[in-house]
Amino acid sequence: MEKKREIPIEIDEHFKLFGKEPWEVDYGEKCVICNVRIDEYGFCSCGSSGD
Ligand SMILES: [Zn+2]
């Protein structure tokens, strides 16, 4: 499946970091600190993972 890569570099960083696009990552519950969904790697915006 080919995807057009027309995404900003800051989002592309996610791909470089995790090997998949942000929308392909499975997200879990929202972090209680930053209110961003914690992804399957346990990362959120603030990095606390809800701790
Ligand atoms: Zn957070």
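Predicted model: local features only at pLDDT ≥ 70, side-chain atom pairs only at ≥ 80, totals over all residues.
User: Which residue is the bridge partner of Lys-30 in β2?
Analyst: Strand β1 covers residues 27-30, and strand β2 covers residues 37-39. The bridge partner of Lys-30 lies in β2. That partner is Arg-37.

User: Is Arg-37 buried, exposed or partly exposed?
Analyst: Arg-37 is placed in strand β2. A residue counts as buried at 20 or more C-beta neighbours within 10 Å and as exposed at 12 or fewer. Because Arg-37 has 15 such neighbours, its class is partly exposed.

User: How far apart are the C-alpha atoms of Arg-37 and Tyr-27?
Analyst: Leaving aside residues up to four places away in sequence, Arg-37 touches Tyr-27, Gly-28, Lys-30 and Cys-44. Tyr-27 and Arg-37 are 10 residues apart along the chain. The separation of their C-alpha atoms is 6.0 Å.

User: What is the phi of Asn-35, a residue other than glycine?
Analyst: Most residues other than glycine have a negative phi. Asn-35 has a positive value instead, and this residue belongs to the hairpin of β1 and β2, with 6 residues between the strands. Its phi is near 65 degrees.

User: Is Asn-35 buried or exposed?
Analyst: Asn-35 lies in the loop between β1 and β2. The limit for this class is 12 or fewer C-beta neighbours within 10 Å. Asn-35 has 10 such neighbours and therefore counts as exposed.

User: Why does Cys-31 count as buried, and how many C-beta neighbours does Cys-31 have inside 10 Å?
Analyst: Cys-31 is also found in the loop between β1 and β2. The buried class requires 20 or more C-beta neighbours. Cys-31 counts as buried because its number of neighbours inside 10 Å is 20.

User: What distance separates the C-alpha atoms of Cys-31 and Cys-44?
Analyst: Along the chain, Cys-31 and Cys-44 are 13 residues apart. Cys-44 is also among the residues that Arg-37 touches. The C-alpha atoms of Cys-31 and Cys-44 are separated by 6.8 Å.

User: What percentage of the contacts between residues at least 6 apart in sequence join residues at least 24 apart?
Analyst: The protein chain has 51 residues, and buried residues make up 4% of them. Among its contacts between residues at least 6 apart in sequence, the share that joins residues at least 24 apart is 0%.

User: Which element has the highest mean confidence?
Analyst: The protein chain averages a pLDDT of 76, and 69% of the residues score at least 70. Confidence is lowest in helix α1, residues 9-18, at a mean of 72. The highest mean, 84, belongs to strand β2.

Methods. Residues numbered from 1 in each chain as written. Contact = placed C-beta atoms within 7 Å. pLDDT = per-residue confidence, 0-100. Helix = DSSP H or I, 4+ residues; strand = E, 2+ residues; numbered from the N terminus. Pairing = 2+ DSSP bridges.
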